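Have the structure open as you read.

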Amino acid sequence: MTVPAGGRGTTTVAPRAVRRIAERAAAEALPDGGSVLRGSAGVRGTSARISVGVRLPYPVRADEAARRIRERAVARTAALTGLSVPRAEVRVDALSVGPAPVVPDAVEVAAGPDGDRPGPRIRAERRVPAAVLAAVGAAACGLVLADVVAVRFGGAPAGWRTAVLDWAATHGPADSAVRIGGAVAAVAGAWLLGCALLPGLRRRLRMAAPGPGVRAALDREAAARILRERALGVPGVVGARVTVRRRRAGVRAGVGYGDPAEVRAEAVRVLGAALMELGLARPPALRVRVRREAGPLPPEPEESVERPARSDAVTGPDAAGRADAVKRSDGTGRPDAAVDGAPGASDASDGRRNGG
């Protein structure tokens with residue numbers, strides 16, 4: 001007897017299970033020192049949508065690491081759940097900076113298959129403006145629809161609708177309220193058009209495209225933290241303040257010791273190499289300023305000084321001419337010659353004063 005397909009039951013994979021599978025799969029593809037921060041998943045029918053936030057170690061190519069993590073998460077989630085994963089997102093939320101490595105004289109960043117051409121800009125999802133616009137539109141359309149349906153079934157029109165129609169019939173374009181309302185509507189429309197057309201996410205810097213269809217970006221704050229760590233590793237720098245913008249990176253370093261000109265030249269070299277290591281499509285121009293600040297002195301090498309051993313036996317000629325002889329004076333003003341290292345000298349002088 002064959003049971004119909006409708007009576008065999010269904011298998012449902014909860015979004016929580018999909019999220020755990022995606023997080024575990026992402027952890028399998030992380031480089032050494034990375035970790036999974038948080039993830040999310042949604043299931044609709046036979047497809048799933050996953051999103052994973054990770055922390056990567058520095059230095060590492062964030063775009064290549066994110067691509068490997070995404071491919072691993074998609075493959076493992078589809079294989080273990082039987083769901084198709086048409087969309088998967090990997091967010092690099094943080095970087096773990098270890099001890100600053102030795103900076104080479106020249107750093108070359110390998111170009112991706114698209115050459116030096118930057119990848120497409122990541123566009124903001126605009127969730128808040130979209131949600132507000134959808135809520136306002138749904139509320140207005142719902143009120144109008146409810147009133148129209150009530151009128152069609154023989155009811156009286158709502159009071160707010162008749163009041164709006166009466167006000168619009170008595171106020172023309174020359175009225176101040178109409179002009180103010182039109183200006184507000186124009187500004188709101190321009191703002192909505194800007195949200196729809198502009199990419200947004202200006203706090204992120206575009207990175208070079210490692211492959212076709214891959215978009216990568218680096219947060220400005222993460223880039224500033226990396227540059228600050230490199231600046232503090234320069235000999236002579238005791239403090240640093242870094243600001244990173246789209247076209248310029250400014251560094252203000254405090255010099256505690258050393259020649260400020262030499263410290264600035266070394267900082268420019270180190271920070272320039274660090275900018276190239278970030279893998280940005282268009283590295284910002286570097287501007288370094290230094291100023292003298294009170295800071296710790298550089299460590300001095302320890303020197304071992306050999307001192308001659310002291311001898312208790314003092315010969316006659318040396319006892320009279322030694323430089324470390326200490327002269328003391330008593331209450332009468334008569335000096336006592338006490339030779340350091342010659343025991344009995346003070347006793348002999350006391351005997352001469354008493355018996356002499």
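## Salt bridges

The count here comes to 12 salt bridges, where a salt bridge is a side-chain nitrogen of Lys or Arg within 4 Å of a carboxyl oxygen of Asp or Glu. Side chains of opposite charge can pair when their charged atoms come close.

Bear in mind that this is a predicted model: local features need pLDDT of at least 70 and side-chain atom pairs count only at pLDDT 80 or more, while totals for chains, interfaces and linings use all residues. Residues are numbered from 1 along each chain as its sequence is written, and side-chain values use heavy atoms, with hydrogens and water left out.

Take R38 and D93: they form a salt bridge whose closest N and O atoms are 3.5 Å apart. R38 sits in strand β1 (residues 35-44) and D93 in strand β3 (residues 84-97), so the pair ties together parts that are 55 residues apart in sequence. Strands (E, at least two residues) and helices (H or I, at least four) are DSSP runs, numbered from the N terminus.

How covered up are these two? R38 is partly exposed at 48% relative accessibility, and D93 is partly exposed too, at 32%. For these labels, buried means under 20% relative accessible area, exposed over 50%, and partly exposed in between (1.4 Å probe, protein chains only). Another bridge joins the side chains of R87 and E89, 2.8 Å from N to O; R87 is partly exposed, with a relative accessible area of 42%.

D147 is buried, at 6% relative accessible area, whereas R161 is partly exposed at 26%.

Elsewhere, E28, R72 and R76 are linked in a network of salt bridges.

## The nonpolar patch

L143, V144, V148, W160 and V164 make a nonpolar surface patch of about 430 Å². Helices α3 (127-152) and α4 (159-170) each give two or more residues to the patch, and the largest share, three residues, comes from α3. Patches are made of residues with over 30% relative accessible area and no salt bridge: like charges are joined within 9 Å, nonpolar side chains (Val, Leu, Ile, Met, Phe, Trp, Tyr) within 5 Å. The areas come from the Shrake-Rupley method with a 1.4 Å probe, and for residues only the protein chains shown count as cover.
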